[in-house]
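Hi everyone, thanks for coming.

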Amino acid sequence: MTERVFRKRVLLVEDDPGARESIKLLLRIDRHLVVEAANGHDALELLLTQRFDLVILDYFMPEMRGNELALSIRQIAPSLPLMMVSAYLEKLSAGDMPVDAVLGKPFAIADLRQAIARLIC
């Protein structure tokens, strides 16, 4: 059984409101404090003013793709754990992902918990 991680500050970057709400609900089961951003620009502004333990970001977003956002985050906070989520994993090349973990959508809460535990513990 995977160790569970509780009460972390998570920045959730997802342009789809329904997906963002679903992921937020899963994170709140383990009492994570979730701060939401609907796009990469908003996420970068939040990262400049707040501290986070983890960033979960979607790949396919308008204006700034997840990999572009991840590169920008690496410049601001090089050691901050980054998890990419995408419904199109087969189209993504792992070498192009400047993130610590990739999770395919849809995912079960157990998969999310396992990925978070690997990144934060």
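Let me start with a quick one: does Y59 count as buried or exposed? Y59 counts as buried, because its relative accessibility is 12%, and the cut-off for buried is under 20%. One thing to keep in mind throughout is that this is a predicted model.

Remember, partly exposed covers the range between the buried cut-off of under 20% and the exposed cut-off of over 50%.

Okay, on to how these rings sit together. When we talk about a pair of aromatic rings, we give the distance of the centres and the angle of the planes. The count here comes to two aromatic pairs. One of them is Y59 with F60, and that pair is edge-to-face, at 4.6 Å centre to centre and 90 degrees between the planes.

So what about F60 and Y88, how are their rings arranged? Their centres are 5.1 Å apart and their planes are at 90 degrees, so this pair is edge-to-face. The cut-off for that label is over 60 degrees. What I like here is that the pair links distant parts of the chain, with F60 and Y88 being 28 residues apart. F60 is in the loop between strand 3 (54-58) and helix 3 (66-76), while Y88 is in the loop between strand 4 (82-86) and strand 5 (101-104). As for Y88 itself, the relative accessible area is 39%, so Y88 is partly exposed.

Five of them make an open sheet with parallel pairing, in the order 2-1-3-4-5. At the edges you'll find strand 2 (33-37) and strand 5, each pairing on one side only. On average, neighbouring strands in this sheet are turned by 20 degrees against each other, ignoring direction.

Strand 4 and strand 5 pair in the parallel sense, over four bridges. If you look for the bridge partner of M84, you'll find V102 in strand 5.

Last stop, helix 4, residues 109-120. Helix 4 lies across strand 3, strand 4 and strand 5, and runs at about 155 degrees to strand 4.

Conventions:
Residues numbered from 1 in each chain as written. Predicted model: local features only at pLDDT ≥ 70, side-chain atom pairs only at ≥ 80, totals over all residues. Heavy atoms only, no water. Phe/Tyr/Trp six-rings, centres within 6.5 Å; stacked < 30°, edge-to-face > 60°. Buried < 20%, exposed > 50% of the residue type's maximum accessible area, 1.4 Å probe, protein only. Helix = DSSP H or I, 4+ residues; strand = E, 2+ residues; numbered from the N terminus. Pairing = 2+ DSSP bridges. Axes fitted to C-alpha atoms, helices over the stretch in contact; angles between N-to-C directions. Contact = heavy atoms within 4.5 Å.
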